[in-house]
Amino acid sequence: ALHGWDRDTILATGEVGRGSKGFFMGGDRTGVKLGIDIPNDDVTTAEPSTLEVWVPAGSRVRVKSTRGEIVVDGVTGALDLGSTSGNITVTGIPRELTVETMDGDVQLDGAVVWLRARSAGGDITVRGGAEDLVSASVSGAVTVTGGPVRAARLETMTGNIVFEASIARGAVLDLGTHSGAVRVLLPKGSTPTVEATTVAAPIDNNLTPQ
């Protein structure tokens, strides 16, 4: 877990799983690196570890995990988060957020200026606003609620797309899928220009009489 706080100090607590080489931490005022050292980077040789870290809220942080879950709250700086199979959850208002996972789910509760989220099999859920949102998934679903959203590009191969967020004035939305279902629910009173194209699936239009 990663927490942002109002101190100029980094604090780390946790428990190192049996079979790991131990906890490491080093750096200076320009940057710090810390984590759990796994022999030969083979996670199957070690029991799970837990790590809880507090950093200055405005920090730029990169977190990488193989199977572990990543949970972040209170960071207002820039986040780069990656996990092979663990879920990733972010709460708060980071300035920048880059998230990538293979099979884990991604969830954002809050708001972000710049967001890039990618997943293969996991679902991506955004509850909050975004100035610039790009999200791509293969088989996982992509869901956006809350808002306001100014620009969004949501793409899947077979996963469903649901957009039910408020939109900023002049917002641009680009939604595309190969074979998933797409549902768009816009706030009452919206007067968007819509271009919808499909090869074989029907389009259910409840927006205009046309």
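Which residues make the nonpolar surface patch of about 380 Å²?

## The nonpolar patch

In this predicted model, Ile10, Val16, Phe23, Met25 and Val32 come together as that patch, with an area of about 380 Å².

Take Met25 as one of its members. Met25 sits in strand β3, which runs over residues 22-28. Its relative accessibility comes out at 43%, so Met25 counts as partly exposed.

## The aromatic pair

There's one aromatic pair in the structure. The partners are Trp5 and Trp54, with ring centres 6.4 Å apart and planes at 45°, and that makes the pair tilted. The two tryptophans are 49 residues apart, so to speak bridging distant parts of the chain: Trp5 belongs to strand β1 (residues 2-5) and Trp54 to strand β5 (residues 50-56).

Trp54 comes in at 22%, so Trp54 is classed as partly exposed.

## Around Thr156

Now for Thr156, which is part of strand β13 (residues 142-156).

What does Thr156 touch, leaving out residues up to four places away in sequence? The list is Ser137, Val138, Gly140, Val142, Ile161, Gly176, Thr177 and His178. On the polar side, a polar atom of the Thr156 side chain lies 2.6 Å from the backbone oxygen of Gly159.

Definitions and conventions
Residues are numbered from 1 along each chain as its sequence is written. This is a predicted model: local features need pLDDT of at least 70, side-chain atom pairs count only at pLDDT 80 or more; totals for chains, interfaces and linings use all residues. Side-chain values use heavy atoms; hydrogens and water are left out. Helices (H or I, at least four residues) and strands (E, at least two) are DSSP runs, numbered from the N terminus. A polar contact is a pair of N or O atoms within 3.5 Å; within protein, one must be able to donate a hydrogen and the other to accept it, and residues adjacent in sequence count only if both atoms are side-chain atoms. Contact means heavy atoms within 4.5 Å. Patches are made of residues with over 30% relative accessible area and no salt bridge: like charges are joined within 9 Å, nonpolar side chains (Val, Leu, Ile, Met, Phe, Trp, Tyr) within 5 Å. Accessible areas come from the Shrake-Rupley method with a 1.4 Å probe; for residues, only the protein chains shown count as cover. A salt bridge is a side-chain nitrogen of Lys or Arg within 4 Å of a carboxyl oxygen of Asp or Glu. Buried means under 20% relative accessible area, exposed over 50%, partly exposed in between (1.4 Å probe, protein chains only). Rings of Phe, Tyr and Trp (its six-membered ring) pair if their centres lie within 6.5 Å; planes under 30 degrees apart count as stacked, over 60 as edge-to-face and the rest as tilted.
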